[in-house]
Amino acid sequence: MPWDRNQMAARAAEELEDGMYVNLGIGIPTLVANYVGDKDITLQSENGMLGMGPFPVEGEEDPDLINAGKQTITELARTSYFDSATSFGMIRGGKIAAAILGAMEVAENGDLANWMIPGKLVKGMGGAMDLVAGVKKVVVVMDHTNKHGDSKLLKACTLPLTGKNVVNRIITNLGVLDVVDGGLKIIETAAGVTEDELRAATEATIVN
Amino acid sequence: MKKVYGSAAEALDGLLFDGMFISAGGFGLCGIPELLLQAIKEAGTKDLTFASNNAGVDDFGIGILLQTRQVRKMISSYVGENAEFMRQYLSGELELEFNPQGTLAERMRAGGSGIPGFYTKTGVGTQIAEGKEHKDFDGETYILERGIVADLSIVKAWKADDTGNLVFRKTARNFNPPAAMSGKVCVAEVEEIVPRGSLDPDHIHLPGIYVHRLVQGEHEKRIEQRTTRKREDA
């Protein structure tokens with residue numbers, strides 16, 4: 001059985017170590033926060049906050065307190081606030097240990113595409129280009145194939161890039177792969193998924 | 001010199017001209033200079049270029065100036081929340097320059113700090129890098145980005161004293177300090193102007209040297225994505 005969204009998020013949470021400062025993207029990456037358990041993790045929101053808390057209970061929403069997805073959130077005892085230039089200073093400066101984000105395509109050399117599809121409505125890259133260029137470890141969480149069943153792990157990206165040679169690890173519904181010299185290396189498969197099944201669903205070069 | 005003005009329109013008096021370049025604070029609808037944007041709408045200033053992370057929504061934030069066709073160009077990182085923006089952009093009425101969010105913030109900070117350009121690895125190997133100078137430092141490639149110096153900055157803060165020292169609240173700080181720094185003139189709107197001496201000098205987020213004019217007013221502070229959890233989960 002391939003992993004579902006929550007199982008992918010739970011697997012991604014295993015990437016996080018005690019004491020890490022982490023940035024989580026929109027979508028499945030947001031769910032990762034539910035699975036960090038007892039680990040001491042500080043979440044960064046790139047609009048200017050470290051120590052992001054959960055969504056507020058109804059009636060306690062604060063228009064001055066939102067995350068990078070513009071959702072109302074809460075603060076924690078450890079929270080600090082800062083301006084956008086400082087926020088991206090810590091991102092670009094390699095102070096954030098890991099970013100977990102979604103993708104449209106990942107290439108076997110670590111190229112990432114997740115911000116635009118030519119001919120479709122382009123909304124902008126937001127902070128994604130800064131994050132993948134600056135953060136120490138970039139973990140992509142995404143479905144292994146698109147809605148047509150085609151591999152999203154490619155020899156080369158077809159879409160405009162968000163970053164070049166930036167991805168370290170990919171967690172899909174079929175398993176976990178690392179970007180290594182010469183291609184992607186299978187680290188594990190989802191329970192019930194065979195290595196052959198994962199290879200068959202992957203266009204990128206798999207190395208041993 | 002007196003910095004406090006009675007209304008947003010008075011605070012902008014003599015500063016607006018057609019074709020000008022404005023740097024604006026805010027992230028989404030959080031911490032946006034909503035009173036000054038409304039006053040610019042009423043002033044009817046045209047052909048504006050805005051450096052602003054977002055373009056508001058159709059009827060709030062910079063969106064109100066799109067409705068009246070006062071904006072010629074946006075320099076932004078994300079504009080996905082605004083249907084009128086997309087319509088004008090796709091029809092060619094509006095020019096758009098995408099900047100990565102951190103590059104935009106740093107362009108403002110640098111421009112206001114006397115730094116005309118800086119090298120960053122953000123965007124290397126992407127469309128953003130096309131046509132820009134590339135340079136290697138310690139074995140890594142970087143691109144040259146320019147500092148932004150705008151004709152005018154408009155920002156929103158929580159509190160100010162009458163000398164323009166500003167205090168922001170929570171994530172409403174966002175682009176406001178770098179935007180304030182990037183303008184030749186900066187007008188700030190605040191929720192409260194407090195007496196001189198009542199702000200702790202150690203707790204001032206932006207010194208008054210960056211702020212030339214001030215106005216106090218009532219803010220709507222609209223929430224873009226109201227998201228809550230059930231009380232029993234708390």
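Me: How do strand 11 and strand 12 of chain A pair?
Reply: Strand 11 (residues 175-180) and strand 12 (residues 183-189) of chain A pair in the antiparallel sense over six bridges. Pairing here requires that DSSP find at least two bridges between two strands. Strands (E, at least two residues) and helices (H or I, at least four) are DSSP runs, numbered from the N terminus. This is a predicted model, in which local features need pLDDT of at least 70 and side-chain atom pairs count only at pLDDT 80 or more, while totals for chains, interfaces and linings use all residues. Residues are numbered from 1 along each chain as its sequence is written, chains are lettered from A and ligands numbered from 1 in the order in which they are written, and side-chain values use heavy atoms, with hydrogens and water left out.

Me: Where does strand 13 of chain A join?
Reply: Strand 13 (residues 206-207) runs parallel to strand 12 of chain A and is joined to it by two bridges. Ile206(A) in strand 13 stands opposite Leu184(A).

Me: What is the strand order in the open sheet of chain A?
Reply: The order is 7-6-9, three strands with mixed pairing. Strand 7 (112-113) and strand 9 (153-154) are the edge strands, each pairing on one side only. Strand 6 (residues 105-107) and strand 7 of chain A are antiparallel over two bridges, with Ala113(A) as the bridge partner of Glu105(A).

Me: How many helices and strands has chain A?
Reply: Chain A has five helices and 13 strands. Its radius of gyration is 17 Å, close to the 17 Å from the globule rule for 208 residues, so chain A is as compact as a globular protein of that length. The radius is taken over C-alpha atoms, and the rule is 2.2 Å times the number of residues to the power 0.38.

Me: Now chain B. Which strand does strand 9 of chain B run parallel to?
Reply: Strand 9 (residues 152-161) runs parallel to strand 11 (residues 186-194) of chain B, joined by eight bridges. Ala157(B) stands opposite Val190(B) there. Strand 11 of chain B is also joined in parallel, by four bridges, to strand 12 (residues 213-216) of chain B.

Me: On to the interface. How many residues does each chain give to the contact?
Reply: Chain A gives 48 residues and chain B gives 50, contact meaning heavy atoms within 4.5 Å. The buried area is about 4100 Å², 60% of it from carbon and sulfur atoms; this is the accessible area (1.4 Å probe) lost on putting the two parts together, summed over both. Asp64(A), Lys70(A) and Lys123(A) lose the most area on the chain A side, together 19% of what that side buries.

Me: How many salt bridges cross the interface?
Reply: The rule finds five across it; a salt bridge is a side-chain nitrogen of Lys or Arg within 4 Å of a carboxyl oxygen of Asp or Glu. One of them joins Arg169(B) and Asp64(A), at 2.8 Å from N to O.

Me: What does the pair Glu15(A) and Lys137(A) tie together?
Reply: Their closest N and O atoms are 2.9 Å apart, in a salt bridge. Glu15(A) lies in the loop between helix 1 (5-13) and strand 1 (21-24) of chain A and Lys137(A) in strand 8 (residues 137-141) of chain A, so the pair ties together parts 122 residues apart in sequence.
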